[in-house]
Amino acid sequence: MNEPTADLNHPQLPRRPLGPPLSEPSCWHDIRVTVNGAPVCAQVESRLLLVDFLRHRLGLTGTHVGCEQGSCGACTILVDGVGVRSCLTLAVQADGSDVRTVESLAESGELNRLQRAFHEEHGMQCGFCTPGILMSMTALEESSEVIDDDAIMEHLGGNLCRCTGYVNIRNAARRACLRERSRPVDEGADRDA
Ligand code: FES
Ligand code: FES
């Protein structure tokens, strides 16, 4: 995805959400996180979800909200390099962490290799699931795990897509991840599936 990157230090970004507070001051916490490479200090309510913090407080709407119960993977982001469901994570739990969202993937305004593979293989239809899938695949790429078809399928298994039937998604993931590890790519393997 090539969505615009938010200016996390923009003076108009509220340290607290607009509108009246929903809880007592004692339920607020100061957190410091790094979001897509930028340091962010904020006050958050105890119950504020990390996905809502990213979307509504920081304007990083590339992370999508689907099921809100940990099933679909649309909200997947990286926290300290590990893929997590941001709909099941509290913002306060991210205190001190390095958070990366889909907005971090583009390089100098250009699609990165993984994004290009999804573009070239048409690994999406409506695109709602795509940010979460890209982040799951990024977690796999950056891990020390051996990347093969089984690893790709295991990581894709946490992300639901209601449109594509997964064939092109799998082809895109194989194209990007296997190419990265200098493995032969059987380009046609899934097209006949
Ligand atoms: S919105 Fe988080 S897993 Fe579905
Ligand atoms: S492309 Fe529509 S949900 Fe996956």
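Two strands count as paired when DSSP finds at least two bridges between them. Helices (H or I, at least four residues) and strands (E, at least two) are themselves DSSP runs, numbered from the N terminus. The views below show a predicted model, in which local features need pLDDT of at least 70 and side-chain atom pairs count only at pLDDT 80 or more, while totals for chains, interfaces and linings use all residues. Residues are numbered from 1 along each chain as its sequence is written, and chains are lettered from A and ligands numbered from 1 in the order in which they are written.

**View 1. The open sheet and its pair β1 and β2.** Let us start with the sheet: five strands form it in the order β2-β1-β5-β3-β4, with mixed pairing. β2 and β4 (82-85) are the edge strands, each pairing on one side only. From one strand to the next, the twist averages 40°. Strand β1 (residues 28-35) runs antiparallel to β2, and eight bridges join the two. Here you can find His29 opposite Val44 in β2. In a regular strand the side chains alternate between the two faces of the sheet.

**View 2. The hairpin of β3 and β4.** These two strands run antiparallel and are joined by four bridges. Thr76 stands opposite Arg85 in β4. Two residues lie between the strands of this hairpin, and Asp80 in the turn has a positive phi of about 50°. Helix α3 (residues 130-142) lies across β3 (76-79) and β4, at about 35° to β3; this angle is taken between N-to-C directions on a scale from 0 to 180 degrees, with axes fitted as lines to C-alpha atoms, for helices over the stretch in contact.

View 3. A residue is called buried if 20 or more other C-beta atoms lie within 10 Å of its own, exposed if 12 or fewer, and partly exposed in between, with C-beta atoms placed from the backbone. Six of the eight residues of α1 (residues 50-57) are buried, so the rest of the structure largely encloses this helix. They are Leu50, Val51, Asp52, Phe53, Leu54 and Arg57. Strand β2 (38-45) is included in what covers them. After α1 comes Gly59, with a positive phi near 75°.

**View 4. Helix α2 and its buried side.** Leu114, Gln115, Ala117 and Phe118 are the buried residues of α2 (residues 113-120). They lie on the same side of α2 because they cover an arc of only 155° around the axis, the arc being that of the directions from the helix axis to the C-beta atoms. Just after α2, look for His122, whose phi is positive at about 50°.

**View 5. The largest nonpolar core.** A nonpolar core is a set of buried Ala, Val, Leu, Ile, Met, Phe, Trp, Tyr and Cys residues joined through C-beta atoms within 7 Å. The largest one has 46 residues, and Phe53, Ala91, Leu134 and Met137 have the most contacts inside it. Its largest share, six residues, comes from α3. Contact means C-beta atoms, placed from the backbone, within 7 Å. Beyond its neighbours within four places in sequence, Ala91 is in contact with Ile31, Val44, Leu48, Leu49, Leu50 and Phe53.

**View 6. Ile147 in its loop.** Ile147 sits in the loop between α3 and α4 (149-156). This residue counts as buried because 21 C-beta neighbours lie inside 10 Å. Ile147 and Cys177 are 30 residues apart along the chain, and their C-alpha atoms are separated by 7.1 Å.

Notes
Contact = placed C-beta atoms within 7 Å.
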